[in-house]
Amino acid sequence: MANKNLNAAKNAKKDEFYTQLVDIENELKHYRQHFKGKTVLCNCDDPRVSNFFHYFSYNFEQLGLKKLITTCYKNQNRDLFSQNDCEQAIWLEYYGDKNNNRVPDPEEIGIHYFNGDGDFRSQECIELLKEADIVVTNPPFSLFREYVAQLMKYGKKFVIVGHQNAIHYKEIFPLIKENKLWLGYGFRGGAAHFISKYEDVATAGNHKEGMIRVSGVNWFTNLEIQKRHEDLILYRQYSHEEYPKYDNYDAINVNKTTDIPLDYYGVMGVPITFLDKYNPEQFEILGTSTMDMSKGAPYVGGKRIYERILIRRRQYGADCVPQSEQPHLRDADGSIQYPMPDTTLPLAAEDPETYNQTDRSCK
Ligand SMILES: C[S@@+](CC[C@H](N)C(=O)[O-])C[C@H]1O[C@@H](n2cnc3c(N)ncnc32)[C@H](O)[C@@H]1O
């Protein structure tokens, strides 16, 4: 049901829904070590309503940021979200707290006007992108392909929200396969509540006032996270009977990621949810059933199987990812190192309103 919402939003290009602060905090706590001395860009973010701006401006010192840039897209359709009705697109720059009150005051925030509408693809936005080290936002799902392509073109690090359908895009999957993009920690149960005026069709138990529930959303990133280097614990033994080969492809079928056999080193087809557990030191991604099985969908015994990702176990010491390719991750003894910042982050308020202590009106 919740996907109905998303599809409706996508069809109408309704991209106006906003990420909750608590979801941003839950994901970004795993990336703290990456932000020290960095310029962060949130380039799909009206600072008056974006919790990304709130998160980075209030945690500027704790993260040790160098600079925060936030750009606001001029909303073309004012009916969608009444707050987002700037006449002119703006961008903000923030260099941290100057008066030691630990709050980003209006006089500390530089407000600039765009000549254009603040489209992330415009030249003036690209100039800001060039300046950034890490891009963090929830971009419009309807422009996800273009959005990621631009990040790749300019070689940027990023943590962004997207829908898991994007995994199947012919522009996105190769990036996952080549270890240029992977899934972050994600939302609880793979579904998120976004702040929105759209009608929510979630069941009563899942409904939250003023929000829409969207299932199948995730974080996509190219920043190193610990999760990506944790082995999936395998416990099942391979047998011909339990793991039949596809009728139309030389690979065995595995119905659940947790059922991947520990003693099989040939090609396996696994559900898309595998990507959430993917450790490139443990597995190699070979392709997807749609892209690699010329005969269409995978079949077992004449029965059609859902789309699969084709993977193979890496044999440690043989074809595992050489440590030289991951030098920043491992210590001399092979243990993984994750430097943490000196200071702990304060718990931010869950209610974005409590952050809105300053008037950030457009003009
Ligand atoms: C899903 S919303 C998320 C907003 C915000 N990043 C957040 O998470 O709270 C996507 C935002 O992208 C903006 N947007 C749509 N098209 C855009 C474009 N071409 N360039 C920049 N921003 C755009 C929309 O106005 C919308 O606010």
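**Sheets, a helix pair and the ligand shell**

Strand β12 (residues 268-270) pairs with strand β16 (residues 309-313) in the antiparallel sense, over three bridges. Two strands are taken to pair if DSSP finds at least two bridges between them; helices (H or I, at least four residues) and strands (E, at least two) are DSSP runs, numbered from the N terminus. The model is a predicted one, in which local features need pLDDT of at least 70 and side-chain atom pairs count only at pLDDT 80 or more, while totals for chains, interfaces and linings use all residues. Residues are numbered from 1 along each chain as its sequence is written.

The bridge partner of I69 in β3 is E93.

Helix α2 (residues 21-28) packs against helix α3 (residues 51-58) at an angle of about 55°, and their axes are 9 Å apart. Axes are lines fitted to C-alpha atoms, for helices over the stretch in contact, and angles run from 0 to 180 degrees between N-to-C directions. This angle makes α2 oblique to α3, since angles under 35 degrees count as roughly parallel, over 145 as roughly antiparallel, 65 to 115 as roughly perpendicular and the rest as oblique. The contact (C-beta atoms, placed from the backbone, within 7 Å) involves L21, I24, E25 and L28 of α2 together with N51, F52, H54 and Y55 of α3. By class, five nonpolar, two polar and one charged residues make up this contact; Ala, Val, Leu, Ile, Met, Phe, Trp, Tyr, Cys and Pro count as nonpolar, Asp, Glu, Lys and Arg as charged, and the others, Gly among them, as polar.

The ligand is surrounded by 21 residues, the closest being Y18, T19, C44, Y73 and N138.

How values were computed. Near = placed C-beta within 6 Å. Contact = placed C-beta atoms within 7 Å.
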